[in-house]
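Please keep the sequence and the coordinates at hand while reading.

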Amino acid sequence: MTTVDLSASSVRELNARLHALPADTNETAWRIAEPKGAHAVAAGLTVPVSVEIDGHVGYYCGGMNRAADLTINGHCGTGVAENMMSGSVRVRGNASQCAGASGHGGLLAIEGDAGPRCGISMKGVDIVVGGSVGHMSAFMAQSGTLAVCGDAGEDLGDSIYEATIYVGGKTGRLGADCIEKEMTPEHLARLSALLERAGIEADISGFRRFGSARRLYHFRVDNADAYS
Amino acid sequence: MCGIVGLFLKNPALREGLGARFATMLAGMADRGPDSAGLAVFHDPVPESECKLTLFAPDPNHDWESLGSAVAAAFSSTPRIDVRSNHAVLRVAGPAGRVVDWLAANRPDIRVMGYGRLIEVFKDKGLPGDITERFGVGGMGGTHAIGHTRMATESAVTTEHSHPFIAADDVCLVHNGSLSNHNRLRLRLQRRGLRFESDNDTEVAARYFAHRLNEGASLKEAMEAGLDDLDGFYTFAVGTADGFAVLRDAFACKPAVLAETDDWVAMASEFRSLADLPGVDKATIWEPEPSIVYTWSHEGGS
């Protein structure tokens, strides 16, 4: 276990050490102490190491993550795991706005609540939130899955392309072109597997599924005159 | 960008150290606002028959003694003057309003930063750590304080354009964000006779809340009315004689973190400013919901 104390080392020094690790590194377990809300902690990792962060972090923690597994024993500021490619990021506390924004792959598990715009423009990432999400979550979501065990705020899935949203609690007004869809046994099985992968327990019997009505982004011949 | 912070002490035993705690919080927001910084501290009340005003003179060698003599002659009461860098806190008999009016008419070179029975407001250009040191904030006690570090977007980098903005006796406001309808709202308020000191958008919000309070609204009601009348992005923190309030706009793109223990409530744009508060590891920490007014007062409750 390699421990880095951010009250003694800068984030820049920490990230430089993590970025310099070769893919076959033996230093596979890292612990980061005293983050005190610092930004960009463990962002841009590209190798399969596990990093545990003891405390609250600022913006873009684990941003662009590839292959690494991060655990944050605290709350996160804006954009945790933003543009994640693969690997996993687990947040033991709450996450602020834009959690998992534009993520291409991997798993983001938030045990507490997430703020507004969770999963905005997600492109394949799987996001599981044990609590609730704020307004405009999964805005312009293109691919991947957002599973929310609690409630979802207003305008869920606004302008959604192709992505799957599951919500266990209440939803506010749905966003433009986002509709409720049938929860088939196949979807229940997928949700169950996702929650298990995320290590978040929930009774899935009350979950509902949401997705795109596909009215907004497909060309409709009825509108042809508008373009002539 | 900008950063805002607020600290409200519930436990009287901590009040002696308010300034030192608060200076650390404000310094934590230096990256978000390196242009100017300011703060309002609520402490050291004057008797009910008196008021205090925080004044700013751009000239660092300003002759505060002669101002004191002129105030003494005008109000038949000798003021006590406590000079801190280019600011001075003036304590004088009677209500603050008449001194504010007298200064506007007779001493246009002097700017009134704040007035009331408790509030003292200090603001200047530069980094927050330098500013709190310049004004000796670390040595101040008190019940609560709010502050701001500014990265200017809407108007010039000057002391006058720095936050907090005073709204009324012992009421002031700090703002992270930008308002888009401030010119129209300023005109509306000017038609009702309100006077403005700058072209800054936040001053409009401060005067707006003061106007609502003058009409008889509670702080909570005044801020809830702002949800309809103020257009733009904002996280506001308001300090009053016995309380503290936080409000985010419906879109909530400007950050805010609240933390509370049995001893204190603190608000900051980012957790970085809360990280060194005593007992923060045991605090309840959450992000204020959009369009919800959060208030705390020394009379209890939220």
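The points that follow are grouped by topic.

The model is predicted. Chain B is divided into domain 1 (3-45 + 125-297) and domain 2 (47-117). Ten residues of chain B are in contact with twelve residues of chain A.

**Chains and domains**

- On the side of chain B that touches chain A, seven residues are nonpolar, three are charged and none is polar.
- Within chain B, the centres of domain 1 and domain 2, taken over C-alpha atoms, are separated by 24 Å.
- Contact between these domains involves twelve residues of domain 1 of chain B and eleven residues of domain 2 of chain B. The side of domain 1 of chain B that touches domain 2 of chain B comprises six nonpolar, two polar and four charged residues.

**Nonpolar cores**

- The largest nonpolar core has 84 residues, and the members that touch the most other members are Leu7(B), Cys172(B), Leu173(B) and Phe209(B). Domain 1 (3-45 + 125-297) and domain 2 (47-117) of chain B each supply at least three residues to this core.
- A second, separate core contains 67 residues, among them Leu45(A), Val49(A), Tyr59(A) and Leu156(A).
- Once neighbours within four places in sequence are set aside, the contacts of Phe209(B) are Ala167(B), Leu173(B), Ala222(B), Met223(B), Gly226(B) and Val238(B).

**Helix α7 of chain B**

- Helix α7 of chain B spans residues 219-229, and its buried residues are Leu219(B), Ala222(B) and Met223(B). These buried residues line one face of the helix, because they fall within an arc of 95 degrees when seen down the axis of α7(B).
- The cover over the buried residues of α7(B) includes α6 (201-214), β11 (232-239), β12 (243-248) and β16 (294-297) of chain B.

**Strand β12 of chain B and its partners**

- Strand β12(B) is mostly covered, with six of its six residues buried. Gly243(B), Ala245(B) and Leu247(B) lie on one side and Phe244(B), Val246(B) and Arg248(B) on the other, and both faces are covered.
- β11(B) pairs with β12(B) in the antiparallel sense over five bridges, and a hairpin of three residues joins β11(B) to β12(B). Within this pairing, Ala237(B) has Val246(B) in β12(B) as its bridge partner.
- β12(B) and β16(B) run antiparallel and are joined by four bridges. Here Thr295(B) in β16(B) stands opposite Ala245(B).

**Strand β8 of chain B and its partners**

- Strand β8 of chain B (residues 144-150) is likewise described as mostly covered, with seven of its seven residues buried. One side presents His144(B), Ile146(B), His148(B) and Arg150(B), the other presents Ala145(B), Gly147(B) and Thr149(B), and both faces are covered.
- Strand β1 of chain B (residues 3-9) runs antiparallel to β8(B), to which six bridges join it. The bridge partner of Gly6(B) in β8(B) is Ile146(B).
- Strand β2 of chain B (residues 36-42) also pairs with β8(B) in the antiparallel sense, over seven bridges. The bridge partner of Ser36(B) in β8(B) is Arg150(B).

**Cys76 of chain A**

- Cys76(A) lies in the loop between β4 (69-72) and β5 (88-91) of chain A. Cys76(A) counts as buried because 31 other C-beta atoms lie within 10 Å, the cut-off for this class being 20 or more.
- Not counting residues up to four places away in sequence, Cys76(A) touches Val57(A), Cys61(A), Val91(A), Ala95(A) and Ser96(A).
- From Cys76(A) to Gln97(A) there are 21 residues in sequence and 9.2 Å in space, C-alpha to C-alpha.

**Backbone features**

- His163(B) and Pro164(B) are joined by a cis peptide bond with omega about -5 degrees. Pro164(B) is placed in the loop between β8 and β9 (165-168) of chain B.
- Glu34(A), a residue other than glycine, has a positive phi near 55 degrees. Glu34(A) lies in the loop between β2 (29-33) and β3 (50-54) of chain A and is partly exposed, with 15 other C-beta atoms within 10 Å.
- Arg214(A), also a residue other than glycine, has a positive phi near 60 degrees. Arg214(A) is found in the segment after β11 (208-212) of chain A and is exposed, with 12 other C-beta atoms within 10 Å.

Notes:
Residues numbered from 1 in each chain as written. Chains lettered and ligands numbered in written order. Predicted model: local features only at pLDDT ≥ 70, side-chain atom pairs only at ≥ 80, totals over all residues. Contact = placed C-beta atoms within 7 Å. Nonpolar A, V, L, I, M, F, W, Y, C, P; charged D, E, K, R; others polar. Core = buried A, V, L, I, M, F, W, Y, C linked by C-beta atoms within 7 Å. Domains from an automatic or database assignment. Helix = DSSP H or I, 4+ residues; strand = E, 2+ residues; numbered from the N terminus. Arc of directions from axis to C-beta. Pairing = 2+ DSSP bridges.
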